[in-house]
Amino acid sequence: WGIRIFELRGLRTGRVPAIDQAEFRSIVELVKRHQVEITAISPGIFKHLLSNKAALEKELSEVLPKTVEMAQRLGSGLIIVFGFQRSKEDQPELHREAVNLLRRATAVAENAGMRLAIENEPGFWCDTGKNTARMIGDVAVIDVSGPITYRSSWLTRYFGWPTIEDLQAQRAAALADATVKTIAYRFDSPGGIVDMVPEHAAEI
């Protein structure tokens, strides 16, 4: 079919890295022989609840290093993980625990010269790009998309345009959140009216 770029998840004998070594050796040989590129490896880890500490520790200390080793042999620099299943009983303070686990996983990958990618999954702590950004770097992302006005109106609400009042409220909420270490503004705006822009800039 002419397909030469793949993400490796599962083989006949199981999900990587818990696969038969003979099958893995055949994959390494196929990659070399047919000039196939393995862009990423996905071991399916970090799907557990944060309360399942034993399973998460095993994935962190055993499964992830084995995946790193496989990725190195295949010439891949990216490992895909999940962002921990979340239950309704989870308390907000568990955010810190999730962040620490991701930092430890990142350190394992970074020490091997690799990157981690987090697959967004509904019902997980990392369920959206915005929440994942917070998890990775304790970052509060404030989106500024569309023409900027000062006060909210039916027009801004209809089109979802940002207002200075909204931006001030989002910034105040981020400052009040003890888990947030950085506030990032993400702009996709042609500009807008200047009312209260200098004042808000001075606040920032």
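Modeller: What follows starts with one glutamate and then turns to the chain around it.

This is a predicted model, in which local features need pLDDT of at least 70 and side-chain atom pairs count only at pLDDT 80 or more, while totals for chains, interfaces and linings use all residues. Residues are numbered from 1 along each chain as its sequence is written, and side-chain values use heavy atoms, leaving out hydrogens and water.

Glu 93 sits in the loop between β5 (78-81) and α3 (94-111). Helices (H or I, at least four residues) and strands (E, at least two) are DSSP runs, numbered from the N terminus. Glu 93 counts as exposed because its relative accessibility is 57%; exposed means over 50%, buried under 20% and partly exposed in between, with a 1.4 Å probe and protein chains only. Glu 29 lies 64 residues from Glu 93 along the chain, and their C-alpha atoms are separated by 47 Å.

Now the chain as a whole. The protein chain holds seven helices and eight strands. Its C-alpha trace spans about 65 × 40 × 30 Å along the principal axes. Of the 204 residues in the protein chain, 36% are buried. Among the contacts in the protein chain with a separation of 6 or more, 71% are between residues 24 or more positions apart, where contact means heavy atoms within 4.5 Å.
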